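I opened the notebook to record what I looked up in this structure, entry by entry. The sequence and the model come first, and my notes follow.

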Amino acid sequence: MTLQSVKPSDDYDPDREARLQFLTWDRTPAEIDAPEHRARQAHLAEVAGASFAPTAYVATDAAIFTTHLVLGEHSWIAGHALVRGDVEFGAHSTVNPYAMISGKVRCGDGVRIASHVSIVGFNHGFDDPSVPIYTQKHETLGITIEDDVWIGANAVVLDGVTVGKGAVIAAGAVVSKDVPPMAIVGGVPAKIVRYRGQGKASRSDAVAALGRLGVAAKAQWPQILARHRENGEYVSREADGQARRSARHRNDAIEIAAGFGELPEGLDPAATLAELQALQDPVTGLFPDPHRPPAPGQAMRDDGLALYNVLSVGYAIEVLGGQPLHRIAAVEDLSANELCDWLDGLTWRDRAWSAGAAVDAIGTALYFNARYFSTGRTRETLFGWLTLHQDRGTGLWGSPTAAEGLLQPVNGFYRLTRGTYAQFGLPVPQAERAIDSVLLNYRNYGGFSGPTYTACNLLDTIHPLLLCLRQTDYRRPDAEAIARAVIERAEQRWVAGEGFAFADGQQPGLQGTEMWLSVVHLAADLLGIADSFAFVPKGVHRTRAVGLGL
């Protein structure tokens, strides 16, 4: 029996038949069992290698030109859809009008394919430019679409792709890479927008946690600052309970208060500003620490505190409404060769964090010079050196180590980019490679659980992700998951009246409190909910570039 030999039954309704070409979900069991439909299926079994579950349905005007076709229980193919090649559908899978499915395609259960979708499970060869494309062999890798996938109208899925279980492909997306399970992807080329289940509930939970922590911190910061003041000086006891003095601790106190729009209680702004400005060395422009000055015979630029205080003291001066008194000649007056020699000699191979910290200070020195004094071509030399020395594979600067893996270059990436690309508002090269490296480092350290869950390690994770995600949406859902985890855990780690410890097992202190409040702000900024948190960093950990008209 051929398809043409079957006459329509007496109750055949052409209007109903036309409707089923486009609204195929309206089919009834009687229409599935109708002689015309069963004859159509028999014909396709003969000429198209097709096999159908008893409840499967194929509309009259569907174009089926397969060598192998499987259509599972309660699945259907609408009219004007084109299915050709080697194709299988599981149960409850549907193909809407004008969709096109070609080549080798395997669909699981519950796959929904909208109108005008193209699923192309083959490709033309084109690698040999001396041979016309139309004469080159076809290549077939095949496409796998797992269970419970929705593919929106006008989307394109290219050969070699696997779409994971529960994924959603937005209308108009072009999918050229594998889609993880439960991911929602969109765009050209398709990128992950978020994961199913990470929607309004997760956002509202994070907003609520930010609100509670912000209320507590805003009410308690004066008490926290008072706990760490002795004889008119701010001290730190975080590591072992012993009081330590440094220029940084007063600056941390100033930044904590400024983050809530205030100043520390009892602080005289004018006198404090004059004291901070007086710390600057007038010859080099650097800021040696009065409690721990450089060693005898040591060049000031080789002293870590003198360099760090370019940030710590310099930004505290700005928070108080002032500016450094002297241009930072130790950086600005170097020749191109001298600056490159300095950068070449940093500890990129075994301690990239320290090398990145030096670049942070160099970039910040150039920022102060450009904003308040004069600047030449040194900044161009710095960014040129960075461009040439970035690892294109990792997107980082410096080398991993046997003991710590990517930890040093990832942490160095934060310091380096903070003082340069972030501060001057410039795009980070190889941003997607850097995101991969930061996320890999986070995973390798188990999310920094246990003793590695420190303010530095989380800051050096969140800030790079935030910075790079201002340029791309690459792996944004992975970064957002980390940001939500930081916010959730921060609320648990806050000690009432004492603030945050720098690391688990240490005492709460000024450094830990300022850094963790900044990390939480950065995490909230990454999620787009920073307005829900009462603290906004104004100093070292501020997140917005300052316009210099450069």
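The model is predicted, so local features need pLDDT of at least 70 and side-chain atom pairs count only at pLDDT 80 or more, while totals for chains, interfaces and linings use all residues. Residues are numbered from 1 along each chain as its sequence is written, and side-chain values use heavy atoms, with hydrogens and water left out.

I then saw that Arg-229 has Tyr-234 in S21 as its bridge partner, and that S20 and S21 form a hairpin with two residues between them, where Asn-231 in the turn has a positive phi of about 50°. S21 also pairs with strand S22 (residues 244-245), antiparallel and over two bridges, with Arg-244 in S22 as the bridge partner of Ser-236.

**Leu-517**

I found Leu-517 in helix H16 (residues 510-527), and it counts as buried because its relative accessibility is 1%, where buried means under 20% relative accessible area, exposed over 50% and partly exposed in between (1.4 Å probe, protein chains only). Leaving aside neighbours within four places in sequence, I listed the residues in contact with Leu-517, among them Trp-494 and Phe-533, contact meaning heavy atoms within 4.5 Å.

Methods: Two strands pair if DSSP finds at least two bridges between them. Helices (H or I, at least four residues) and strands (E, at least two) are DSSP runs, numbered from the N terminus.
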